[in-house]
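Reader: Can you take me through the side-chain contacts in this one? I'll ask as I go.

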Amino acid sequence: YHAICRNLFTVRAKHNYTMGMLKTNTVKQALVIREVRRYFSSGPYVSNTIIGPALGAVMSAAFLFVDVDTVFAQITAQIQIPLNMRSAVPMMAAAVMTMANAISISVSLEGKEWWLLKSLPLTTKEILDGKLMFHLLLVSPFFAVAQICTWVALKPGIAEAVILFVLSALLIVFSYVFGLRINLMFPKFDWENETVAVKQSASTMLGGLGGMVVAFLFIIPVVVLPQKYCPAVCLAECAVLSILTWLLYEKNKKTDLSMIG
């Protein structure tokens, strides 16, 4: 009986193991991969934050199936105010993509595991850069689709297309840096259900919608001012957005994560 039991439960180890190729990632790559897994592991997180980028891309694609000039002419005739809406279309798509951006609750979604992340031998910049990089990569396919659709539908000149592309990209980058700043100011770690952090936190309202409001404030001058002033206005807004984004980024980088939560 003992011999039978020994033969049934004994495992013989083979000594033919060979070392394969070991793969290593940089700190930034590891943090981005961590954010990818965290994001797609939560259904409420994905469903409530992907709608903005998707809606922006769909809105831009819709211009491929309508007569853009006729639509803009009808809108201008109804309100009886000359508007430069053609130049604002790429910016509007970018503004919609910032709605409920995922990064504005990325810190809160760490929940009770937040202490693990901030206890790692990493700087604040490395941790926050990982979050920022992932969320920019997440929105980039939608942004690319939106820009291509608006270029095909509106057929802008090369110089105008480049300026509007840069300005639209800066609007998204600013909104994400802004959303991260808001979440660092108003984190919510004491949730029992992820839906609470996603839908019912101050960061969702201020960070998710605040960035979109700021984006539309930059759109107003482009729409209201005559077409001939559009390049100068867009270049000025690019400079302002770059400065604001850099200031917020530096502020985030200097945040003491040990004092949060």
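This is a predicted model: local features need pLDDT of at least 70, side-chain atom pairs count only at pLDDT 80 or more; totals for chains, interfaces and linings use all residues.

Reader: How are the rings of Phe174 and Phe178 arranged, and how far apart are their centres?

Author: Their centres are 6.0 Å apart and the planes meet at 20 degrees, so the pair is stacked. Phe174 and Phe178 are four residues apart in helix H9 (residues 158-185), which means about one helical turn separates them.

Reader: How many aromatic pairs does a search of the whole structure find?

Author: Seven. Ring pairs also link Tyr39, Phe40, Tyr45 and Phe134 into a cluster.

Reader: Now charges. How many salt bridges are there in the whole structure?

Author: The search gives nine. One of them joins Glu35 and Lys131, with the closest N and O atoms 2.9 Å apart. This pair links distant parts of the chain, since Glu35 is in helix H2 (residues 27-40) and Lys131 is in helix H8 (residues 124-154), 96 residues apart.

Reader: Is Lys131 buried or exposed?

Author: Buried, because its relative accessible area is 0% and the cut-off for buried is under 20%. Glu35 is buried as well, at 6%.

Reader: What else does Lys131 form a salt bridge with?

Author: Glu110, with the closest N and O atoms 2.8 Å apart. Glu110 lies in the loop between helix H6 (85-97) and helix H7 (114-118), 21 residues from Lys131. Glu110 has a relative accessible area of 4%, so it counts as buried.

Reader: And Lys188, what does its side chain meet in a salt bridge?

Author: Asp190, at 3.8 Å from N to O. Lys188 is partly exposed at 24% relative accessibility, while Asp190 is exposed at 59%.

Reader: Is Cys238 buried or exposed?

Author: Cys238 is buried, at 10% relative accessibility. Cys149 is buried too, with a relative accessible area of 10%.

Reader: Last topic, H11. Where is the kink centred?

Author: On Gly210, with a bend of about 30 degrees.

Reader: What should helix H11 span, and how far apart are its end C-alpha atoms?

Author: At 1.5 Å a residue, the 23 residues of H11 (residues 202-224) should span 33 Å. The end C-alpha atoms are 32 Å apart, which agrees.

Methods: Residues are numbered from 1 along each chain as its sequence is written. Side-chain values use heavy atoms; hydrogens and water are left out. Helices (H or I, at least four residues) and strands (E, at least two) are DSSP runs, numbered from the N terminus. The expected span of a helix is 1.5 Å times one less than its number of residues. The bend at a residue is the angle between axes fitted to the seven residues ending there and the seven starting there. Buried means under 20% relative accessible area, exposed over 50%, partly exposed in between (1.4 Å probe, protein chains only). Rings of Phe, Tyr and Trp (its six-membered ring) pair if their centres lie within 6.5 Å; planes under 30 degrees apart count as stacked, over 60 as edge-to-face and the rest as tilted. A salt bridge is a side-chain nitrogen of Lys or Arg within 4 Å of a carboxyl oxygen of Asp or Glu.
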